[in-house]
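My notebook is open, and today I am looking things up in one structure.

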Amino acid sequence: MDARTDDLDRLEAEFQAKVDAEQRIEPKDWMPDRYRQTLIRQMSQHAHSEVVGMLPEGNWLTRAPSLKRKAILMAKIQDEGGHGLYLYSATETLGISRDEMFDQLHTGKAKYSTIFNYPTLTWADVGAIGWLVDGAAITNQIALCRCSYGPYARAMIRICKEESFHQRQGYEIMMTMAQGTKEQKEMAQDALNRWWWPTLMMFGPNDSNSANSAQSMKWKIKRQSNDELRQKFIDATVPQAEYLGLKIPDDELKWNEERGAYDFGEIDWDEFKAVVSGNGLCNRERLKARIDAHDGGKWVRDAALAYAAKKAARKAEAA
Ligand code: FAQ
C-alpha cells in the first residue's frame, strides 16, 4: 500500500468517525469525493424538483377560483422558487456552479422528481398537490434536517416550515371541495385517484432496489430509508383522507394490527421507470418550459454581467 492510499484511508476513517459522532460536515472540511458527488446529485435533483415543481401549479394561477386563492397559490409558488435558489446555493458550496447544474437539467443528465411530470387537470389538483405532494416532501425533508452535510440540513429547516404551510393550504382546498357540491367532491376524489400512486413514487424505489440508500445512510445523508418514509407518509395520510370522506384508490390498503401500520398495494414500478427515463405525460413539456425560461432570461444575465464589468472598470479607474 503506498503512502497516498494510507493517507486517504486515514482521512476516510476520520471522516466516518466524525459522521458517526453526529458532527456536521461543512464545505471546507475534507470529504470523500463520492460523498461530495452523492450530495451534488441529490441536492441538485432536489433544487431542480422545486423549480420544475412550480410549473404544474403555475398552470392554475390565472384560473384560481378567487382572488384570495390566487394570492395564496402565488405565494406558495414563489416559496418553491425560493427553495430552489436556497438549494442551488447550498449545492454550490460543494464546488459545482449553477450554470453546470442548469446544463445538467437542460440536457437531461440530472433528474428531478417524477411527480412533476403529471398534468394538473382541475383546480382540485392544486389541493391534491399541496396535501399529498407537499405532505410527502415534508416527510422526506424532516429526515433531511438531520443530514450530515451542514448547508443542506440548515436549508431544510426553513424549507420544512414553508412546506408545512403549503400542505395545510392544500388540505384546506380539499376540505372545501370535499364538503362542497357533488361535482366538487367528485373532482376532489378524481384528483386523489390520479395523485396518490405518483406521490408514493416520490420516495424512490423499494429499499432492495435503491442503489444509493445503503451508502447514503452510512454517511447519514439519508436518515430513513425510502420504504420507511413511504410507510410513514401512508400512515399519516390515510386518516386525513378518511376525515375528508375520500377513498384512497388502493383496494389492498388495510390496517395491520401486528405491524401497527397500513399494508398497501404494489406500486407500478414500470410507470415509475418510464417517467424517470423521460417518458411521462409531461416530461418533454416541463423540460421545454425550463429551457425556454433559461433562454428567455439570457438578456438579464448578460445585462447583469455587463453592469458588473462596467462597475469594476470604474472602480479600477478610480483606484
Ligand atoms: N423521481 O438509489 P435511490 C418537492 C432516482 S421536492 C426521480 O433510492 P436516492 C417540493 C434517484 O435519483 C421533491 N428520480 O436514490 C414541492 C436515483 O437515480 P440516480 C423532491 C428518482 O437519491 C412540492 C435512482 O432513482 N425531493 O416536492 C425518484 O438515494 C410541491 C435510484 O434511487 C427531493 O429531491 C423520483 N421520485 O433516493 C415543490 C428530496 N426516486 O441519481 C413543488 C431529496 C428515485 O442514481 C410543489 N432527495 N429517483 O441516477 C431524496 O431524498 C432522495 O434523492 C430520494 C431518492 C429519496 C428522492
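Below are my entries, and I keep in mind that this is a predicted model.

**Entry 1: cysteines.** I searched the whole structure for disulfides and got zero.

**Entry 2: buried or exposed?** Cys145 has a relative accessible area of 17%, so I wrote it down as buried. Cys147 comes out at 0%, so it is buried as well.

**Entry 3: around the ligand.** How many residues surround the ligand? I got 34, and the closest are Lys111, Ser210, Asn212, Lys222 and Asn226. I sorted the shell by type and ended up with twelve nonpolar, 13 polar and nine charged residues. Helices H2 (33–52), H4 (67–92), H6 (123–144) and H7 (150–178) each give at least two residues to this shell.

Entry 4: Which distances did I note for ligand oxygen atoms? A polar side-chain atom of Lys111 is 2.5 Å from one, and for Lys222 I have 2.6 Å. On Gln45, a side-chain N or O atom lies 2.9 Å from a ligand oxygen. Last, I looked at cover: on its own the ligand has 1100 Å² of accessible area, and the protein covers 91% of that.

Note on methods:
Residues are numbered from 1 along each chain as its sequence is written. This is a predicted model: local features need pLDDT of at least 70, side-chain atom pairs count only at pLDDT 80 or more; totals for chains, interfaces and linings use all residues. Side-chain values use heavy atoms; hydrogens and water are left out. A disulfide is a pair of cysteine sulfur atoms within 2.5 Å. Buried means under 20% relative accessible area, exposed over 50%, partly exposed in between (1.4 Å probe, protein chains only). A residue is near a molecule or strand if one of its heavy atoms lies within 4 Å of it. A polar contact is a pair of N or O atoms within 3.5 Å; within protein, one must be able to donate a hydrogen and the other to accept it, and residues adjacent in sequence count only if both atoms are side-chain atoms. Accessible areas come from the Shrake-Rupley method with a 1.4 Å probe; for residues, only the protein chains shown count as cover. Helices (H or I, at least four residues) and strands (E, at least two) are DSSP runs, numbered from the N terminus. Ala, Val, Leu, Ile, Met, Phe, Trp, Tyr, Cys and Pro count as nonpolar, Asp, Glu, Lys and Arg as charged, and the others, Gly among them, as polar.
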